[in-house]
Amino acid sequence: MSILKVNTIMDKGGNTLLSSDGAGTFTISDSALKNTPSFLAFPSGNQTISAGTFTKMTFGNEKYDTDSAFDTSTSLFTVPSGQAGTYFFYASVCWLNSSAWSGQYIMRLLAQRSGSDLSDNRGFGYHTGSEEGGTVQFIIDLAVGDTVQFQAYHNSGASRDTYESTGTNRFGGFKLIGA
């Protein structure tokens, strides 16, 4: 049986990736084994969604954004330079029960490359008249400059509001390591 004992693992450029203090404390550098870029965004309040059309959800607040890749003014995630790879995205919407409406709703994570649709991932639900909602997620390979946005749709015949209360609506994502 062989045993390898080291205090530091470095890359070819001399940058420390992993280190140990010899007493059982293990440290991972900021760049090694991290799911970044990553972000989590929330809206600043309720949003009105028109019937029969996909509407981009607006997210004006961020809990974190490691690489400044999510733009709160456009509600778009854009893959930063040097960060092409496989990503996991998730989003959720909660509908306000202001008029006890019923109807189908769709949540869509839309990935685009140079303005053309790259991937359209949908989650479906049926609103039955109470505060309720759903979540959609997907994994996708993205290139530098590709964008991802979250959209909501319903077919109730009138405009409906989403309900925001400390993160009931959210949009987030991160690059997967090892994928």
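1. Asp146 forms a salt bridge with Arg113, with the closest N and O atoms 2.8 Å apart (a salt bridge being a side-chain nitrogen of Lys or Arg within 4 Å of a carboxyl oxygen of Asp or Glu). The pair links distant parts of the chain, 33 residues apart, with Asp146 in the loop between β13 (132-142) and β14 (147-154) and Arg113 in strand β11 (strands are DSSP runs of E, at least two residues, numbered from the N terminus). Asp146 is buried at a relative accessible area of 2%, whereas Arg113 counts as partly exposed at 37% (buried means under 20% relative accessible area, exposed over 50%, partly exposed in between, with a 1.4 Å probe and protein chains only).

2. This is a predicted model, in which local features need pLDDT of at least 70 and side-chain atom pairs count only at pLDDT 80 or more, while totals for chains, interfaces and linings use all residues. Residues are numbered from 1 along each chain as its sequence is written, and side-chain values use heavy atoms, with hydrogens and water left out.

3. A salt bridge also joins the side chains of Arg108 and Asp120 (3.1 Å, N to O). Arg108 lies in strand β11 (residues 103-113) and Asp120 in strand β12 (residues 116-127), so this pair ties together parts that are 12 residues apart in sequence. The side chains of Asp120 and Arg122 meet in a salt bridge as well (2.9 Å, N to O), and salt bridges that share partners join Arg108, Asp120 and Arg122 into one network.

4. Ala69, in the loop between β7 (61-65) and β8 (70-71), is buried with a relative accessible area of 7%.

Notes: Helix = DSSP H or I, 4+ residues; strand = E, 2+ residues; numbered from the N terminus.
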